[in-house]
Amino acid sequence: MSRFSTEAPFRSLGHWFATGLLVLFGIAGCGGGGSDSGNQAGDPLQKACDPQAADAEDNCGTVFVGLTDAEGDFANYSVDIVSLKLERADGMTVETMPQSGRIDFTQYQDLTEFFTAAFVPPGVYVAGSITLDYTNAEVFVQVGDSAVQADVVDIDGNPLGVYELDIRLEDRRKLLVARGIPSILTVDFNLTASHSVDTSVDPPRVTAEPFLIADLDPVDYKQIRLRGPLLAVQPDANAYTIAVRPYHLRDGRFGRVRVHTGERTTFEINGEMFEGAAGIAAMVTLEELTPTVAFGVLDVFARRFNAIHVFAGSSVPGHGYDVVRGNIVAREGDILTVRGATVIKSDDSGQIQSIVFNDNVTVQVGPETKVLKTGDLNMDHDIGDLSVGQKVWAFGELTSAIAGELELDATEGRVRMLVTRVSGLLNSTNPGEIEMTAQHFDGRPAGLFDFSGTGVSSADDANPDEYEVETGNLGTGSLAAGDPIRVFGFVTPFGTAPLDFEAYTIVNFSEARARLAIGWPQGTPTPYTNIGEDGILLDLTNPEIGIRHHIIQGGVFTDLLNLGASPNIVPSEEGPTVFAIKQGHTVQVFFDWNLFVSDLAARLDGTTEAKGMHAVGGYDNINNVFTAKRIWVHLE
């Protein structure tokens with residue numbers, strides 16, 4: 001397997017904000033993809049970029065494909081990614097996927113995961129295409145208190161099978177791939193813009209028309225995950241190398257990456273905690289191909305991945321234990337009810353056998369259950385720390401079903417507490433604490449949670465309408481009552497509230513990360529009252545507006561129809577922006593606002609109809625201005 005140097009400079013770095021795929025060039029790795037014949041089947045560069053070619057590194061760029069997600073309407077969205085191709089200006093196409101992979105997009109709301117690597121021939125790339133296979137898709141939507149599997153159909157009501165979408169880049173900006181000069185491309189799959197959900201029928205129906213865009217610059221930054229078997233440890237460099245194997249795939253090597261660690265990097269190895277050099281020393285004792293997962297960030301200037309948390313051996317879900325991942329929605333004694341549960345089944349050899357979404361799983365804990373807290377070296381945690389709302393990974397053995405639900409016996413296993421996010425509206429601030437109306441825990445409605453037993457008495461049980469959050473030294477001076485906020489941290493131990501939650505980060509969504517969505521299901525030739533350089537105004541009196549007409553900030557909805565006037569939708573002046581128009585199976589991408597609005601106005605000629613519009617950015621409710629970093633417009 002060929003390698004390429006870690007010393008190659010980055011052209012740019014980052015990843016996309018909404019659900020999608022990230023294509024990176026430049027972390028140390030090896031190719032895992034190949035080339036398609038296109039109309040240049042005899043091109044010698046395609047043969048030279050075969051991953052088995054000895055000189056592939058010298059002749060080609062290396063493409064890393066990553067995966068992330070944004071919040072949407074789905075409890076689970078598992079689909080097969082069959083192909084991701086790039087098209088060069090001369091018509092040659094290059095396949096970047098070494099093999100198809102099944103991915104649940106909802107698992108990546110707060111992070112990006114490297115997915116694969118491929119060698120790419122040098123040249124100017126002007127377009128791409130992605131192929132998704134929905135034949136065996138598993139899509140669950142929330143109906144009342146339950147996540148229910150939905151039927152996925154196309155716009156004509158037929159079951160959706162293989163779907164291919166072409167993506168065209170703006171003429172002024174193309175993707176340049178050169179020997180020794182890594183580059184970046186992002187492909188963004190917006191689940192919300194791509195679907196309409198009907199929960200009034202049984203089973204629910206999801207009408208899908210995938211909408212993806214490509215971008216050359218980063219729009220948002222998230223924590224990144226690297227998963228794969230261990231290849232080698234370099235203790236002198238405080239680093240180790242893995243073969244990339246994303247999500248929970250059992251087989252295949254999708255490239256290789258060196259993971260760098262530091263003095264404050266925490267390690268959990270076979271259930272034991274380490275920090276810094278002690279962690280690397282423990283990694284040296286592991287066998288080759290031991291499973292690993294690392295969470296961290298990309299250092300653009302040093303051209304390397306720096307790990308914050310590392311997990312290895314049986315601390316990786318599905319290796320040695322069966323694992324249930326989700327949020328605790330109720331607790332009675334030593335019985336935990338975990339909602340939104342992904343179940344990872346281990347086989348007799350200790351490797352991943354299967355992954356299923358089961359929504360509800362009962363977890364049995366006991367005095368011998370080891371309890372760990374992500375990033376905390378303290379080994380003195382116990383089952384008393386496990387309270388309602390907390391996001392967890394529970395390691396144990398799956399046993400018989402109880403009343404239609406699976407049971408996991410973790411009495412001789414372990415439970416890891418993960419960072420939990422709570423979204424809602426701020427009620428008030430006090431020194432060292434805030435009170436909020438908690439609307440969602442990791443995207444799940446607060447109404448699904450039974451907080452009985454969380455307080456020192458029943459009168460003190462956590463109340464989502466008056467959820468008390470310890471903030472310590474975090475700055476809260478800029479917060480005002482009614483602000484949509486999100487807190488990240490850990491639920492306080494069971495039976496000890498108040499306070500209900502310990503936060504280490506607070507995000508005010510009144511200032512950023514807003515989403516705008518509006519739809520015209522029957523189509524309309526006149527969706528806007530203005531399209532120009534000074535902004536876009538929606539026609540909020542249009543009778544074709546459907547059920548989707550809102551701005552969302554941290555899980556808080558604002559109805560566009562209640563604003564009195566359309567927000568002025570303008571481009572962001574900070575950082576990169578990307579705007580896209582989909583018509584048929586082709587998406588045209590723009591990086592220039594004036595070119596975008598000019599093309600959009602020309603297409604809406606009185607006969608072409610708009611079906612929907614989505615935007616991501618910031619919303620100023622005082623001046624009624626939506627500042628967009630990304631826009632998706634869907635035309636018939």
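Between which two strands is the place of asparagine 270? I looked it up and found asparagine 270 in the loop between strand S19 (266–269) and strand S20 (272–275), where strands are DSSP runs of E with at least two residues, helices are runs of H or I with at least four, and both are numbered from the N terminus.

Before going on, I noted that this is a predicted model, in which local features need pLDDT of at least 70 and side-chain atom pairs count only at pLDDT 80 or more, while totals for chains, interfaces and linings use all residues. Residues are numbered from 1 along each chain as its sequence is written, and side-chain values use heavy atoms, with hydrogens and water left out.

Next I checked the backbone of asparagine 270, whose phi is near 50°, a positive value in a residue other than glycine. Asparagine 270 is partly exposed at a relative accessible area of 38%, since buried means under 20%, exposed over 50%, and partly exposed in between (1.4 Å probe, protein chains only).

I then turned to leucine 289, which also is not a glycine and has a positive phi of about 75°. Leucine 289 sits in the loop between helix H4 (277–284) and strand S21 (291–299), and with a relative accessible area of 44% leucine 289 is partly exposed.

I also looked up two cis peptide bonds. One runs from aspartate 202 to proline 203, with omega near 0°, and proline 203 lies in the loop between strand S13 (195–198) and strand S14 (205–208). The other runs from alanine 497 to proline 498, with omega near -5°, and proline 498 is in the loop between strand S33 (484–491) and strand S34 (501–508).
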